[in-house]
Structures are given as structure tokens and as C-alpha cells.
Amino acid sequence: MNIKKVCLPICAVTIALILGISIWSVTNQKVFGSDITANNADNLESFAALQVEKSDLQDKLGPNSIYPEFRINVEEEKLLDKSQAEAISETENELLEKEALYWYATNHGIQLSEEETQQRIEAAITDAKTAENYDEVAEACKAAGTTFEATMRENKETYKKEYIINDLYNAKLATFNEGEKQLSEEKLSAWEAYWDDFVKTTVSEYEKTKNFAILDKAISKNKVLIQKDITDIDRVKASDISVFNKLNY
């Protein structure tokens, strides 16, 4: 797993860093660099439009469908010039890792209440407004018919999972680091290897669960829908599988 997607602090100075564990970090600095080039601006608008589409799809398909997240994440990967096959593969791997880490975290006592989740979202929104490229992001959202705040508040469950995974990461890091405030370059390399191994082990254990069987079936359905470019909502509903209400966390 890309460590930048789970451990960067909310108080950093650019949108890419401030939202390092959020849906706004699905891309890299190629899209969210502090230098807003014409291409970056286009990507920002495209990304914002995808958040609107995701919310619309979730409303139509309900909170237990993974189709909105899967389809939009594929489109986000394609913003980085990935082929469709690469985008699907990357999305599948990231979704599996996320669900596995969330499963591990919740089964080891790492939880967030709805109120705590909302507080973190509001804090992230406040911090984001101090970022050097916030105005460009706000304009991109406006062009897409939404606001930056809405893209976060309307994805509360996505953020809740990401925050819990971030808490797991930090808990593991604190134990590994034995209370030291900074990691030496040598120890950082060891930590990265440790975390990668932990993720692989967790995914392997998750693949033995009933949760994985449910998720894997839904992913397979989603891949077919995307590969065949089926976007008609009635046809999507006919193939869609309810997921999140069946998972045991």
C-alpha cells in the first residue's frame, strides 16, 4: 500500500498532503501539485466531477453498493494516464487492501463514532482552506456543480474507513518506533518493509473470511460492468450486489 495514502498528517500545506488519507488523495501530485498548470486544473475539474457522479450513483444504488466507489476509482486512475486494464487492477488491489485493513482495525478495537468522524472531517475542511492551492480546488468543485466541503461531507463513510485505517497505521508505527519522535533513514526503510509485510499478511488472512467471499463476488461483477462499459442504471442494478450490510466487522 502507498504509505502516503494512509499516514500523512491532516495539517500539511497542500491539498495533496492535507487530504493524504482522503478521496482527494487518490491521485498523486501529478494532479494535485502545488503548481496549478493547465493540465492540473483540468484534472482537478475532472476529479471534482467524478465526486459528484459518485454521490449520484450512491444515492441511486444505495449505501451497500460498492459499484460507485469501484467505478469512480477506476476513472480516477485513468486521470493518471492508466489504461483501463491497469486502472481496474489498481482499483481492485486498493479496495481489497482497504477492506482488509479496515477489517483488521475494527477487530482490534480501533473504532470511530459518527460524531468523531464528523469532527475529523470538519477539521480537515478547516485545514484545507489554508492550503496554497485551495482556491484552485474550490474553483474546480464549483465548475463541477459542487463545493469542496460537499465532496467531503457527502462521503462520510469513506472517510470513516480511511481515518480508522490511518489510526491503525499510526498505532503500528508507534509500537515499531518505540516512542521515538523521528525515524532514522535506516529505520524508515525497515518500517516500510514491516508495513508492506503487515499489509500482505492482513490481506492473506482476510482472503480466508466470508467477508472476502462477498467482496470478491461483487468486485467480479463490477469489473464486468466496467469492461463492457455498462452504465445504464437499471442494468447496473440488475448485476449489483449488496455488500456493506453483509460484511461482519
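Select Asp-81 to begin: at 62% relative accessibility, this residue counts as exposed (over 50% relative accessible area is exposed, under 20% buried, and anything in between partly exposed, with a 1.4 Å probe and protein chains only). Asp-81 sits in the loop between H5 and H6. Its phi is near 65°, a positive value in a residue other than glycine. Most residues other than glycine have a negative phi.

The model is predicted, so local features need pLDDT of at least 70 and side-chain atom pairs count only at pLDDT 80 or more, while totals for chains, interfaces and linings use all residues. Residues are numbered from 1 along each chain as its sequence is written, and side-chain values use heavy atoms, with hydrogens and water left out.

Asp-229 is exposed, with a relative accessible area of 54%.

**Whole chain**

Zoom out and colour by secondary structure. The protein chain has 13 helices and 0 strands (DSSP runs numbered from the N terminus, helices being H or I of at least four residues and strands E of at least two). Of its 249 residues, 46% count as buried. The accessible surface comes to about 12300 Å², and carbon and sulfur atoms hold 47% of that surface (Shrake-Rupley method, 1.4 Å probe; for residues, only the protein chains shown count as cover). Among contacts between residues at least 6 apart in sequence, 71% join residues at least 24 apart (a contact is heavy atoms within 4.5 Å).

**A buried glutamate**

Select Glu-69 in helix H5 (residues 67–78). Glu-69 counts as buried because its relative accessibility is 11%. Show its surroundings: apart from neighbours within four places in sequence, Glu-69 is in contact with Lys-54, Leu-95, Lys-98 and Phe-244.

**Largest pocket**

Helix H4 (38–61), helix H6 (84–106) and helix H10 (156–177) are the elements that give two or more residues to the lining. H10 gives the most, with 5 residues. By class, the lining has 5 nonpolar, 6 polar and 10 charged residues (Ala, Val, Leu, Ile, Met, Phe, Trp, Tyr, Cys and Pro count as nonpolar, Asp, Glu, Lys and Arg as charged, and the others, Gly among them, as polar).

The pocket has a volume of about 490 Å³. On a 1 Å grid over the protein atoms alone, a pocket is an open set of points where a 1.4 Å probe fits, with protein on both sides within 12 Å along at least five of seven lines; lining residues have an atom within 4 Å of a point. Grid points are joined across faces, edges and corners, and the volume is the space filled by probe spheres set on them.

**Aromatic cluster**

Last, show the rings of Tyr-104, Tyr-169, Phe-176, Trp-191, Tyr-194, Trp-195 and Phe-198, which ring pairs link into a cluster. The count comes to 12 aromatic pairs (rings of Phe, Tyr and Trp, with its six-membered ring, whose centres lie within 6.5 Å; planes under 30 degrees apart are stacked, over 60 edge-to-face, the rest tilted). Phe-176 and Trp-191 form a tilted pair, 5.3 Å centre to centre with 50° between the planes. Phe-176 lies in helix H10 and Trp-191 in helix H11 (residues 185–206), so this pair ties together parts that are 15 residues apart in sequence. Trp-191 is buried, with a relative accessible area of 1%.
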